[in-house]
Amino acid sequence: MADRPLDLDAVKAFVRIAELGSFTHAASAMRTTQAAMSLKLKRLEDRLGFRLVERTPRYVELSARGAAFLEHARELLEAHDRALSAFAGARQRLTIGISDHVAGPELPALIARMNAQDPELLIEIRIGSSGDLLQSFDRRELDTVIARLHVGRGDGQLLAQEQLGWFAAPGWQHRPDEPLPLATLAEPCGVRALAGSLLDAAAVPWREVFVGGGVAAVASAVMAGLGVAALAPRMLPFGAVDMGSRLGLPELPALPVLLHTRVKDGRAADALAALAAAFRSAIRH
């Protein structure tokens, strides 16, 4: 048994399952099927002689031996990548634009996931408004854009649907005789336009009290008690309160998050598949 080498593809499948906590997301990251991932994992477990993963109907959990093997598996894959990259020549660049309304607190983990997929890939990420990023994509200045559904654009791959809410700081109170104070992103911002149109259609008086250059600034204004903002829950610190039903505000929709890319194959496509799978996992949790 000791002279039979490990299947690197099966080792990579195990690492993706462990990192993403899901056979489905791991299969998406490796651009294969859930059945194929299960087969790879079983082949690795048979080779090692012990179970790596405890499967339950709701989640995936590493066994004690699986947790111990994970670090060795990562080291094996990193050594393999270093050996290949030593003779690979110039580093390939992947330029990605991510909408500010999409690039939440999970961004460092998503970047780490892409780097783990291919440490030799040079990744460039730009944050901006969906409209500006899509214009850059059309000018071929970006290889890929992850953005919310934009007016007139339906050419992307659906990554997830994300529900928005009307959020305020805990303890914040609206004075009924005053227009609803709204914190927004600077124009152009599709969420800003949507929030304003919904409030107007519901005959809810409102006024901007804060305009931020990024979602982090808007979230800070909300938590400082300046007013309400239309944001996804993951964009706000723990403790922010959805005030929509309490104030009788119009319901905000779940907005699609789309992946627009010209990258079809190769190392960059593998890294993008890992990013997309990790992003789906982050939003759905």
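Visitor: Why is Arg126 called partly exposed?
Guide: Its relative accessibility is 33%. Buried means under 20% relative accessible area, exposed over 50%, and partly exposed in between (1.4 Å probe, protein chains only). So Arg126 counts as partly exposed, at 33%. This is a predicted model: local features need pLDDT of at least 70, side-chain atom pairs count only at pLDDT 80 or more, and totals for chains, interfaces and linings use all residues. Residues are numbered from 1 along each chain as its sequence is written, and side-chain values use heavy atoms, with hydrogens and water left out.

Visitor: What makes the link between Arg126 and Glu124 a polar contact?
Guide: Their side chains come to 3.1 Å. A polar contact is a pair of N or O atoms within 3.5 Å; within protein, one must be able to donate a hydrogen and the other to accept it, and residues adjacent in sequence count only if both atoms are side-chain atoms. The side chains of Arg126 and Glu124 therefore make a polar contact.

Visitor: Is Glu19 buried or exposed?
Guide: Glu19 has 18% relative accessibility, so it counts as buried. Its side chain also makes a polar contact with the side chain of Arg74, at 3.4 Å.

Visitor: Why is the pair of Phe14 and Phe69 called tilted?
Guide: A search of the whole structure finds 1 aromatic pair. In that pair, Phe14 and Phe69 lie 5.6 Å centre to centre, with 40 degrees between the planes. Rings of Phe, Tyr and Trp (its six-membered ring) pair if their centres lie within 6.5 Å; planes under 30 degrees apart count as stacked, over 60 as edge-to-face and the rest as tilted. So Phe14 and Phe69 form a tilted pair.

Visitor: What makes Phe14 and Phe69 count as buried?
Guide: Phe14 has 0% relative accessibility, so it counts as buried. Phe69 has 12%, so it counts as buried too.

Visitor: How do you know that the charged end of Arg262 sits over the ring of Phe137?
Guide: The charged end of Arg262 is 4.2 Å from the ring centre of Phe137. A charge sits over a ring if NZ of Lys or CZ of Arg is within 6 Å of the ring centre and within 35 degrees of the ring normal.
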